[in-house]
Structure formats: structure tokens, C-alpha cells
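Please look over the strands and their pairing in the structure below. A short report follows it.

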Amino acid sequence: MIRQTVVVPFEDGMHIRPANDLVQITAKFRSDIQFEREEETADGKSVMEIMLLGAEHGNEILVTVDGEDEQAAMDAVRNFFDSKDGQP
Amino acid sequence: MARTSSLRLQGIGASGGISIAPVSVRNKDEIDVQLRNIEDVESEYGRLDKAIAECYADLQAVHSEAGKMLGPEEAKIFEGHLSLLQDPSLRKKVAQLIELEKANAEYAVERHFDSIIAKFEKMKNEYMRERAADVRDVKGRLLRKLLGIAEAPFPVQTRGAPSIVVAHDLTPADTTSLTVGSTAGFATEIGGKTSHTAIIARSLNIPSVVGVSGLLEAANPGDTIIVDGTEGIVIVRPTEAEKAVYESKRAQYEAEKNALAALIHEPSLTRDGRKIEIAANIGSPLDADAAMAAGAEGIGLFRTEFLYMNRSSLPDEEEQFDAYRAAVERMSPKPVVIRTLDIGGDKSLPYLPMDPEMNPFLGHRAIRLCLERPELFRPQIRAILRASAYGNVLIMFPMVATMTELRQAKQMVEEEKAELLAEGTAVSDQIPVGIMVEIPSTALIADQLAKEADFFSIGTNDLIQYTLACDRMNEKISHLYQPFHPAVLRLIQMTADAARRENKWVGVCGEMAGDVQAIPLLVGLGIDELSMSASSVLKARHLVQSLNYAELRELAQNALQLDTQEEVLHLLERSGRNRNA
């Protein structure tokens, strides 16, 4: 299991478009992916739960990945948050 | 009881322009969901899955139509809806409700979605809060499918006379579908500038007002209604006099819009042929598109602070490079002036602790901070230099007060350039390096600085504040914040003259650059470039094309001899009236 913190780069926060783009990435991995912000937890493959984190621009999100392809999944998630427009 | 008199309502202008047309009320189809106790859980799962699959197919068709109408970027809203439908948590949670409560699928869908909508509506951020509309849209689709209520065909082909759609709220699908055919405008009771209705209306150029409370009670189907999306005003059942006023406003708006739109690709030449470059100020690479669409001839000020703010650690070179490159590529071959970090004192960063200061505006900030903290400055310089290989880049240092600062900063640029070239990284060999002129000392030695800086850009906001020793945030002394004070004008003139003698160019990137009252004066003082918000570009070009440079030279010389700001303003007004006469 690996954990890392990422920062939301999107001007308008983690709204429907970036959440959707993110899920297109997480869905490709077998590992369980979880996002946490403050008290909220989201399944990394659920658009709805990711949006419900209510994460705004600059907020930190704790990412936990657990499974056979965890390193690759974490790298992909990191890349997503590192690239400002959310395009890999 | 239907009201009959004229009624003026204030809302929020969401998309500019004026429309006058009959009301077409779009009722919120309230779907009545009843709880039924079910025995056969499996068969409810089956109904749920079938409804999800059918909605998915419908939405794919909507997405493809929307892509054709709005372009792929706006159509992404519907990709989001497709994802919501496919969401593993949706299926799981609704199924749990069906099983636990032995409830019918409709009831479970409504319960689940309503709890989510409530969470969205509680969010602090307006943009996030309005995403409740997306969830509501998907919920409506699923419920209609489960209840066998036909979905309105998409897109709706309305016929007949144009009408203005009035509703409590519109979902993205509503807005998109209604705009095909004869929708002349939108007015809704709720929503803000960032609601999807607003975004889509703007991208389709349909006048819209949102957030008009009491609208549905006031407007009856068929009533005439005026929507002024520029002012955010709705007038229900206007009087003949009001109609006449708005008809002429509309004609004027359209005429101005068309006249300005015709100028997008035109150069900004005065009547006697002096070329002024009209550029845009941007704060993120995303703004470059709007600048291009607005007809900007370049970016005169790219503020880089956005990269550093709202985050917990310093942006690295790679992230900065991506941002600069994106803006530079979008604008290429037009120039992009990238201003290095202008931060300190009043704008502090969580990862960059700074001592509190008595006078942050006179303190440890901008180039002063950057020269002292190479670990902050060098990655930014490298990122800018690397981006220069992708277009037309200029570097600009903020808050330069002395020649030494300029030399030190240029030295760092040279060092990083040499290093990058040694590493085999491409760097343009044509990167002008200039400075902001915003401190009186800089203007006073502009003749010397012009020998070593490639260009000047006058930041009028700070220059005024420092020249008159007037904190612009302090209301008690706001009368002293005088853009047209002869002292400010003389400093601008000194800077412009110094630049001209060395064959360098000089721009203005403060608020004065986009001010129609100031532009003739700035042009007369010898300014070559004006950089302003994208929305002012075409108006400024229109004005410049009506000016005569030779006359303005004289006007400016006269202004410099006046005693007070009031006298300068009188002179400008008089000359403006003569020009228009």
C-alpha cells in the first residue's frame, strides 16, 4: 500500500470535468484507489464521490493505492494532478 | 392571479446583449415518485440496470449532438454525466437502498440522488455548488426512464417566432437543446455567472440573465419580456416607452458589437499612421485563448503569481515550463511578455515564510525577494528560457528600483541561458529582457536604464501610488490617487522619451492602458504598446483608429504644463468632444 499527497491544480476545483478525466485514468488499474480530504473519503473510481470531496483549487488530497499495480496507479494519479490542465 | 403591469427585476447578467420577445415558460417537470414495497429485489435491480443502460445510450447521443453544436470542450459536461451514470458507487448505493428498504428503484434513485444534491448545495465554492445541477439532470433522466416518461427529443427543434425561455432553473441539457431553433434569450430564477446555463449561453452568444427571484410569478406565457444580459435586468410586460428604449439599446449594442468584431484582425493604427500595439494582460495560460479571440496583438503582461498561489509547495521548473509553454504556443508568433514573480509582504505564500513588515508595499518583494532567493528565481528563469523555444517570449522584471538590480537579474538570465545551452536544451537567441517602470526612481533614470533594458512597461497602478505616496487601499486618501496628476504624466513622458532615444519600445500595463480617457494622452506621450484586459482590446483599437498622433503630441505637451489633475481632465474632455464633433 502506498500513500501520497497531491494538490488540486484546477482553477474551479475538483468539479465534474476533472473528476471525469481522473476516473478515466483510475478505472484502468486493478488496485483500490482512495482519496481523502478532511473528513471525506472517496472511491477513486467514482466520479460522484470525487466531486463530493468538495476539493477546491490548492486543497490537498491524500491518495492511497493498494493492489498489484499500485506503483503504476500512483504514478498515473500523480501525473494527472501535476499536469495543470489535467491532460496526461 | 396574473399580473398585468410592467415589472422590472434585477438579476445577474450571465451573457451579454439584449433580447425582446414573448415568454416561453419552461416548467420544472416535477416527477412524482411513490414508495412501493417490493418483494422481488432482483427484478428491481434489473429495472435499475436497464434504465441506467438506456439513459447511457440517450446521453451518448446528446453528447455527440452537443459536440457538434458547442464544440468538444463544452460538450465535456455530458461526458461527465455519462460518468455519473456509470459510477460504481451509484449502482451500489441505489441497490443497497432497494435491498434494505425493499423499495422500488425510483424511490431508491430519488433518495440517493437527493442526499447527494443536498451535499453539493452545502458546498462553500459557488462553482462546486452549482454542480448540483449536473446531478439533478442525471437523476431526472433516470427517473423518467424508470417511470416511462418520454424524454424531450434532443435537440429540440422549435419553430415559429423567437421566444425567451423563462424557468426556475435550466439543466445543461435544457440549455443546450433549447438553443437550437428560436431561443432569443434565457432568464432563470436561480444560478450564477458560473452556472452551466450561463457558460453555454455565453458560448452561443445568447443574452441571458440568471438569479432573478420572483421571475416565474411575474411572467406569464406569451407576455413580452426584455432580457438585458449586459446589465442583468429583466423587464416583464414592458411599456411601449420601455420597449422603444431597449429596441434602440439593442440596435446600438448590435451595431457596436459588429463594428468592433470587424476590427479583430485589424492593426491599431492612428489616422496618421502611428502603430500602437494593443495587447492583453493574462493571469494564466488558459486566458490566452480569450486574448486571441478578443483580437489582442500579444500578451503585454503575463502575471506568473497564479502558479505560486493556493498551493502548499513551490512549483518546480517543469510545472512552470508547461504553463509558460502553453501560453507561448497559443499566442505564437505573437509576443508574450512574462513577468517574473511579483510577490511579497501583502501576498505571502504558506511555503515561503516572510517576516511581517510595517510597509509591505515598500518592502521585501518582487525582484528584491527574487534576487535574494536564487532557489526561487532560477527555476522560473530556466522555465521561461525553455519556453522561449516555442514562440515569441520576452522577460520582464517587476519593481526594479536601481540599475544594479537590473544588472543582477540579467546576469542570472545569462547564466541560466548558458547552462541550458550547455545541457543541449533549446533556447531562443532573441529574448528581449525588460523592466516594469513603477517606481519613480526608475522613471527618473530611465535614460540610463534604457541603455541596458530592451523595453519598458509602465505599471501605472504602483507608479501613481509611489509618486503621490498614496496607499490606494486607504479610502481616506483616495482623492490623492490621481492617474492624471502632472507628476505622473511627466514620469511617463521621461520614460517614453528615454526609450525612444535608445530605440527601445515602451508600454503601459496598468489600469490606465485600458481607460478610454487615458489612451489619447498615453499615445500622445509616445507610448508604443498598451496592455489591458482582453475585454477592452477592441474598444481601445476602435479608439486608436480615430486618433491623430500629431494632434495628440501637442495635447500631451499641453497637459504636462498644467497644474492639477482636474485641469488635465478638462483638457482631455475638451479635446475628446472636438474629436467626436
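## Basis

This is a predicted model.

## The chain A sheet

Four strands of chain A form an open sheet in the order 1-4-2-3, with antiparallel pairing. Strand 1 (2-7) and strand 3 of chain A are the edge strands, and each pairs on one side only. Direction ignored, neighbouring strands of this sheet are turned by 25 degrees against each other on average.

Helix 3 (residues 70-82) of chain A packs on the sheet. This helix touches strand 1, strand 2 and strand 4 of chain A. The direction of helix 3 makes about 5 degrees with that of strand 1 of chain A.

## Pairing across the sheet

Strand 1 and strand 4 of chain A run antiparallel and are joined by six bridges. Here Val7(A) stands opposite Glu60(A) of strand 4.

Strand 4 (residues 60-66) of chain A also pairs with strand 2 of chain A, in the antiparallel sense, over five bridges. Asp32(A) faces Asp66(A) of strand 4 across this pairing. Strand 2 pairs with strand 3 (residues 40-43) of chain A as well, antiparallel and over four bridges. Within strand 3, Thr41(A) is the bridge partner of Glu36(A).

Which residues of strand 2 (residues 32-37) of chain A form the covered face, and which the uncovered one? Ile33(A), Phe35(A) and Arg37(A) make up the covered face. Asp32(A), Gln34(A) and Glu36(A) make up the uncovered face.

Strand 2 and strand 3 of chain A form a hairpin with two residues between them. In the turn, Glu38(A) has a positive phi of about 45 degrees.

## Strand 8 of chain B

Strand 8 (residues 233-236) of chain B is covered on both faces. Ile233(B) and Ile235(B) lie on one side, Val234(B) and Val236(B) on the other, and all are buried.

Strand 8 of chain B has two antiparallel pairings described here. One is with strand 1 (residues 7-10) of chain B, over four bridges; Leu9(B) has Val234(B) as its bridge partner. The other is with strand 7 (residues 224-228) of chain B, over four bridges; Ile226(B) has Ile235(B) as its bridge partner.

Strand 7 and strand 8 of chain B form a hairpin with four residues between the strands. Gly232(B) in this hairpin takes a positive phi near 75 degrees.

Methods: Residues numbered from 1 in each chain as written. Chains lettered and ligands numbered in written order. Predicted model: local features only at pLDDT ≥ 70, side-chain atom pairs only at ≥ 80, totals over all residues. Heavy atoms only, no water. Buried < 20%, exposed > 50% of the residue type's maximum accessible area, 1.4 Å probe, protein only. Pairing = 2+ DSSP bridges. Axes fitted to C-alpha atoms, helices over the stretch in contact; angles between N-to-C directions. Contact = heavy atoms within 4.5 Å.
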